[in-house]
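Subject: Handover of a structure and the findings on it

Dear colleague,

Please find below the structure that I am passing on to you. My findings follow it, arranged by topic.

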Amino acid sequence: MPAYKDEKRNTWLSLFYYEDWQGNKKKKQKRGFKTKKEALEWENNFKLSANANMDMALGAFVEIYFRDKEGELKERSIKNKRYMIEAHILPYFENKKMNEITPSDIIQWQNAMREKGYAQTYLRMVQNQITALFTHASSIYNLSNNPCKRVKKMGKPDADKLDFWTKEEYDKFISTIEVGSRYYVIFEILFWTGIREGDAYGKIRLKLDKPSKYKGLS
């Protein structure tokens, strides 16, 4: 696994050949590594990703997951799924190998998430993301042990009746949504106006479908 010193930039270059998933031999290079070790680690992770080897880190598999789902999911769905994964899953599992993550690891991660005080419905949304990653790895890339299957899901799929958020609880939740995104606007409208979910959906859909006609909804 070669790595070369770039004397002009005082950085390291990773340059190597690899086989893609179809068996085609290709050349790959990347510059700008601070150390030789970083360059070699990047090469190793890239080769594992190219062959979808479950010895790869979860952070590398995330890119395979979104590559596979590109034609299946809508752009906004990918954007929001990626946001939740990067905010709540990668900080814990990014460098841990897919085939080494255990049910115990998932439980400890769930406990850490619960301590942050998110709403039960949001916890379930985050849980669904890590479950989707391991389900895809198991069904498509033959991951032998899916740790999520042996652990009870955290959160709730539906909010309890009359379970209102306090301002502090809402602030914690909205901080996890990308500012300016569609979902950010929707939750802001729901929380601050008290409008019913069905009414809000209808008005927002009209606004998005025909923005020039429904200027009064902005």
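A residue counts as buried when its relative accessible area is under 20%, as exposed when that area is over 50%, and as partly exposed in between. Glu86 shows how this is applied: its relative accessibility is 43%, so Glu86 is classed as partly exposed. Please bear in mind throughout that the model is a predicted one.

Overall arrangement

The chain contains 9 helices and 3 strands. Followed along the sequence, these elements come in the pattern β-β-β-α-α-α-α-α-α-α-α-α. The chain has 218 residues, of which 36% are buried. Among contacts with a separation of 6 or more, 55% are between residues 24 or more positions apart. The chain exposes about 14100 Å², and carbon and sulfur atoms supply 49% of that area.

Helix α3

Helix α3 covers residues 75-88, which makes 14 residues.

Like Glu86, which is partly exposed at 43%, Arg82 falls in the partly exposed class, with a relative accessibility of 23%.

The nonpolar core

The largest nonpolar core has 39 residues, and those that touch the most other members are Leu58, Phe61, Met98, Ile106, Trp109 and Phe134. At least two residues of this core come from each of α2, α3, α4, α5, α6 and α7 (167-174). The greatest contribution is that of α6, with 9 residues.

Which residues does Ile106 touch, if those up to four places away in sequence are not counted? They are Phe93, Ile101, Ile130, Phe134, Pro147, Cys148 and Val151. Cys148 is also in contact with Thr131, as is Lys153, once the neighbours of Thr131 within four places in sequence are left aside. Thr131 is situated in helix α6. The relative accessible area of Thr131 is 16%, and Thr131 is therefore buried.

Salt bridges and a polar contact

Side chains of opposite charge can pair when their charged atoms come close. In this model the count of salt bridges comes to 10.

One of them joins Lys97 to Asp55, with the closest N and O atoms 3.5 Å apart. This pair links distant parts of the chain: Lys97 is in the loop between α4 and α5, while Asp55 is in the loop between α1 (36-50) and α2, 42 residues apart. Both partners are partly exposed, Lys97 at 31% relative accessibility and Asp55 with a relative accessible area of 29%.

Another salt bridge is formed by Asp68 and Arg67, whose closest N and O atoms are 3.3 Å apart. Asp68 is partly exposed at 29% relative accessibility. Arg67, found in helix α2, is partly exposed as well, with a relative accessible area of 41%. The side chain of Arg67 also makes a polar contact of 3.2 Å with the side chain of Tyr141.

Two asparagines with positive phi

Most residues other than glycine have a negative phi. Against that background, two residues deserve mention. Asn10 is not a glycine, yet its phi is positive, at about 60°. Asn10 is located in the loop between β1 (3-6) and β2 (11-19). Is Asn10 buried or exposed? Its relative accessible area is 53%, so Asn10 is exposed.

Asn142 likewise has a positive phi of about 60° without being a glycine. The position of Asn142 is in the loop between α6 and α7. With a relative accessibility of 65%, Asn142 is classed as exposed.

Yours sincerely

Technical notes:
Residues are numbered from 1 along each chain as its sequence is written. This is a predicted model: local features need pLDDT of at least 70, side-chain atom pairs count only at pLDDT 80 or more; totals for chains, interfaces and linings use all residues. Side-chain values use heavy atoms; hydrogens and water are left out. Helices (H or I, at least four residues) and strands (E, at least two) are DSSP runs, numbered from the N terminus. The expected span of a helix is 1.5 Å times one less than its number of residues. Buried means under 20% relative accessible area, exposed over 50%, partly exposed in between (1.4 Å probe, protein chains only). Contact means heavy atoms within 4.5 Å. A polar contact is a pair of N or O atoms within 3.5 Å; within protein, one must be able to donate a hydrogen and the other to accept it, and residues adjacent in sequence count only if both atoms are side-chain atoms. A nonpolar core is a set of buried Ala, Val, Leu, Ile, Met, Phe, Trp, Tyr and Cys residues joined through side-chain atoms within 4.5 Å. Accessible areas come from the Shrake-Rupley method with a 1.4 Å probe; for residues, only the protein chains shown count as cover. A salt bridge is a side-chain nitrogen of Lys or Arg within 4 Å of a carboxyl oxygen of Asp or Glu.
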